[in-house]
Amino acid sequence: MTASKRATEAMERGRPMRLEKDLRLILAPNPSPMTFKGTNTYLLGTGEVAVIDPGPALPEHLEAILGALDEGECISTILVTHSHKDHSGLARDLARATGAPILAAGPSDWGRRAIMQELARTGEIGGGEGVDPDFAPDSLVREGATVVGRWGRIDVLETPGHMANHLSFAWNGALFSGDLIMGWSTSLVSPPDGDMTAFMDSVCRLAARDDRIYYPGHGDPVTRPQDRAQELLAHRRNRETQIRAALSELATSDATTLARRIYDDIAPELIPAAARNVLAHLIDMLEKTEVEALDPPHPGMRFRIART
């Protein structure tokens, strides 16, 4: 049985499922249009266990994680890919229950590039979808760090884009890709927390690696990871082309108007999220001097194609 099939069965049954030797999956009970069937919490190792993405702050999910431990097992490390509440919300409760430290890149505002820091300072650009404002790791792990235990060696990669403090974790040829690369959907990139320039750089970086499989934050394992990374890069480049064409036709426009024009195949309730992705593209294009902003930073700011 493939890893993807096993993960699907785990999701259907709502119980812990072994994906491969020394790796178990527990699906959090938080399905939604943005989280698919729920957040994937991974238990890595036997005896001494590392938890990757404890998930949302739901008592039943805490109970499920602790109940998945075999007799004599303990959780010694909690790793968080990024501090959206559906990934980090349970971290502190799990740490209290187990005594394990929380390891992450930093708090929710860590790692923003200068333009995103400026947008955040204005307080008018919006964003903040599901951000965990009180998230505070016990130990900081950054690019090049390793986390070693009975599970073996976990290598830490900084992969910003979906969120500035987003990390990926490489282990035994597999990569825990958080919300950067998933199979079921593209990733939400919402400024100032999300950064399209950083997102493209991170996906390009992963596309050049030779990981055998991705274990994402939501959905099934990605069994052709390099192909999926290239698909996402092509998708984003095509979206930018669509934005450029639509903006040329409209002369000036805001992100929501462009999203309604371009995303003609999604439910109306998803348009706000689509508009945030469009805004991320527009800010990236603004940095590349391909468009001009006609208003100060705010969600409804207007853009036009840059005049040469």
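**Figure 1. Lining of the largest pocket.** The lining of the largest pocket comprises 27 residues, and those nearest its centre are Pro33, Met34, Thr186, Leu188 and Ala273. Two elements, α7 (225–250) and α9 (271–287), each give two or more residues to this lining. The largest share, five residues, comes from α9. By class, eleven lining residues are nonpolar, ten polar and six charged. The pocket holds about 600 Å³ of space. The model is predicted: local features need pLDDT of at least 70 and side-chain atom pairs count only at pLDDT 80 or more, whereas totals for chains, interfaces and linings use all residues. Residues are numbered from 1 along each chain as its sequence is written, and side-chain values use heavy atoms, with hydrogens and water left out. A pocket is an open set of points on a 1 Å grid over the protein atoms alone, with protein on both sides within 12 Å along at least five of seven lines; a cavity is a set where a 1.4 Å probe fits but cannot get out, and lining residues have an atom within 4 Å of a point. Grid points are joined across faces, edges and corners, and a volume is the space filled by probe spheres set on the points. Ala, Val, Leu, Ile, Met, Phe, Trp, Tyr, Cys and Pro count as nonpolar, Asp, Glu, Lys and Arg as charged, and the others, Gly among them, as polar. Helices (H or I, at least four residues) and strands (E, at least two) are DSSP runs numbered from the N terminus.

**Figure 2. The largest cavity.** One cavity of 30 Å³ or more is found in a search of the whole structure. The volume of the largest cavity is about 50 Å³. Its lining consists of His84, Gly128, Glu129, Val131, His162, Leu188, Ser190, Asp193 and Gly194. Of these residues, two are nonpolar, five polar and two charged.

**Figure 3. The buried side of helix α4.** Ala91, Leu94 and Ala95 are buried in helix α4 (residues 91–98); buried means under 20% relative accessible area with a 1.4 Å probe, protein chains only. These residues lie on the same side of α4 because they cover an arc of only 100° around the axis, the arc being that of the directions from the helix axis to the C-beta atoms. An α-helix has 3.6 residues a turn, so residues three or four places apart point the same way. The buried residues of α4 pack against β4 (48–52), α2 (59–67), β5 (74–79), α3 (85–88) and β6 (102–104), where contact means heavy atoms within 4.5 Å.

**Figure 4. An open sheet of three strands.** The strand order is β13-β15-β14, with antiparallel pairing; two strands pair if DSSP finds at least two bridges between them. The edge strands β13 and β14 each pair on one side only. Strand β13 (residues 253–254) is joined to β15 (residues 302–305) by two bridges, and Ser253 stands opposite Phe303. Three bridges link β14 (residues 291–293) to β15, with Glu292 partnered by Arg304.

**Figure 5. Surroundings of Ser168.** Ser168 lies in strand β10 (residues 167–171) and counts as buried at 0% relative accessibility. Beyond four places in sequence, Ser168 touches Asp155, Val156, Leu157, Thr159, Leu175, Phe176, Ser177 and Leu206. Glu143 is 25 residues from Ser168 in sequence and 9.6 Å away in space, C-alpha to C-alpha.

Note on methods:
Buried < 20%, exposed > 50% of the residue type's maximum accessible area, 1.4 Å probe, protein only.
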